[in-house]
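Could you walk me through this protein model as if I were new to structures? I'd like to know what sits where and what touches what.

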Amino acid sequence: MALLPILCYPDPKLHKVAKPVVAVDARIQSLVRDMLETMYEAKGIGLAATQIDVHERVIVMDVSEDRDQPLVLINPELVWTSPTRHINEEGCLSVPGIYDGVERFDAVHVTALDDRGQSRTIEAEELLAVCIQHEMDHLMGKVFVEYLSPLKRNRIKTKMIKAKREEER
Ligand code: NI
């Protein structure tokens, strides 16, 4: 297993659109293990392959309190969204230290393959539903700060660039 470096906003590689996984083989299973390890180490509840510069449709998540219920979504597709939406506070491992409100569907149904290549449908609500929508956005090259006003987004961009510069000093 290996810890993988996480891309930080505004890295342009975060805007690449991920391609579907062709086969859930040993390479993908190894990627999933590394992504889970990286997510747990970073204390995140979700990680999309895009964030570690792999542009294939793979997501790992764990929204459980005890951090013992890993969920793997390969080639996820939204098949149903609730008629209602509301604003939730979100954060992202690619935008450390920034939290802001984003409007999401209250519930979603998603079909995906698991890490053995089995297809299943997940009926998600609350935090899991928000997390799925956030991570699926990553696969489309979208970071949550892009839902915020241009003013806020630019402030965040400046802050991130400055933090990176200080880190490299
Ligand atoms: Ni994120």
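Let's start with His 138. Leaving out residues up to four places away in sequence, His 138 touches Leu 14, Lys 16, Ala 48, Thr 50, Gln 51, Cys 92 and Val 143, where a contact means heavy atoms within 4.5 Å. You'll find His 138 in helix α2. Helices here are DSSP runs of H or I with at least four residues, strands are runs of E with at least two, and both are numbered from the N terminus. His 138 counts as buried, because its relative accessibility is 0%. The cut-offs for that word are simple: buried is under 20% relative accessible area, exposed is over 50%, and partly exposed is in between, using a 1.4 Å probe and protein chains only.

Before going further, keep in mind that this is a predicted model, in which local features need pLDDT of at least 70 and side-chain atom pairs count only at pLDDT 80 or more, while totals for chains, interfaces and linings use all residues. Residues are numbered from 1 along each chain as its sequence is written, and side-chain values use heavy atoms, with hydrogens and water left out.

Now, which residues coordinate the nickel ion? They are Cys 92 through SG, His 134 through NE2 and His 138 through NE2, at 2.1 to 2.2 Å. In sequence, these donor residues follow the spacing C-x41-H-x3-H. A donor is an N, O or S atom within 2.8 Å of the metal (3.2 Å for Na, K and Ca), and sites may look incomplete because water is not among the atoms. Cys 92 is buried as well, since its relative accessible area is 11%.

Of its 19 lining residues, the closest to the centre are Ile 45, Glu 90, Gly 91, Cys 92 and Leu 93. The elements giving two or more residues to this lining are β4 and α2, and α2 gives the most, with five. Sorted by type, the lining has 10 nonpolar, five polar and four charged residues. (Nonpolar covers Ala, Val, Leu, Ile, Met, Phe, Trp, Tyr, Cys and Pro; charged covers Asp, Glu, Lys and Arg; the others, Gly among them, are polar.)

How is a pocket found? On a 1 Å grid over the protein atoms alone, a pocket is an open set of points where a 1.4 Å probe fits, with protein on both sides within 12 Å along at least five of seven lines, and lining residues have an atom within 4 Å of a point. Grid points are joined across faces, edges and corners, and the volume is the space filled by probe spheres set on the points.

The second largest pocket has about 250 Å³ of space. Its lining includes Tyr 9, Pro 10, Pro 96 and Met 160, and divides into seven nonpolar, no polar and three charged residues. Two of those names share something else: a cis peptide bond joins Tyr 9 and Pro 10, with omega about 5 degrees. Pro 10 lies in the segment before α1 (26–41).

Helix α2 turns up again in the largest nonpolar core. A nonpolar core is a set of buried Ala, Val, Leu, Ile, Met, Phe, Trp, Tyr and Cys residues joined through side-chain atoms within 4.5 Å. This one has 17 residues, and Ile 59, Leu 73, Ile 122 and Leu 128 are among those with the most contacts inside it. At least two residues each come from β2 (58–61), β3 (71–81), β6 (107–113), β7 (119–125) and α2 (126–139), with α2 giving the most, six. Apart from this core lies another, of 14 residues, including Val 21 and Met 35.

Finally, two residues have a positive phi without being glycines. Arg 67 has a phi of about 55 degrees and is in the loop between β2 and β3. Asn 75 has a phi of about 50 degrees and sits in strand β3. Are they buried or exposed? Arg 67 is partly exposed at 28% relative accessibility, while Asn 75 is buried at 18%.
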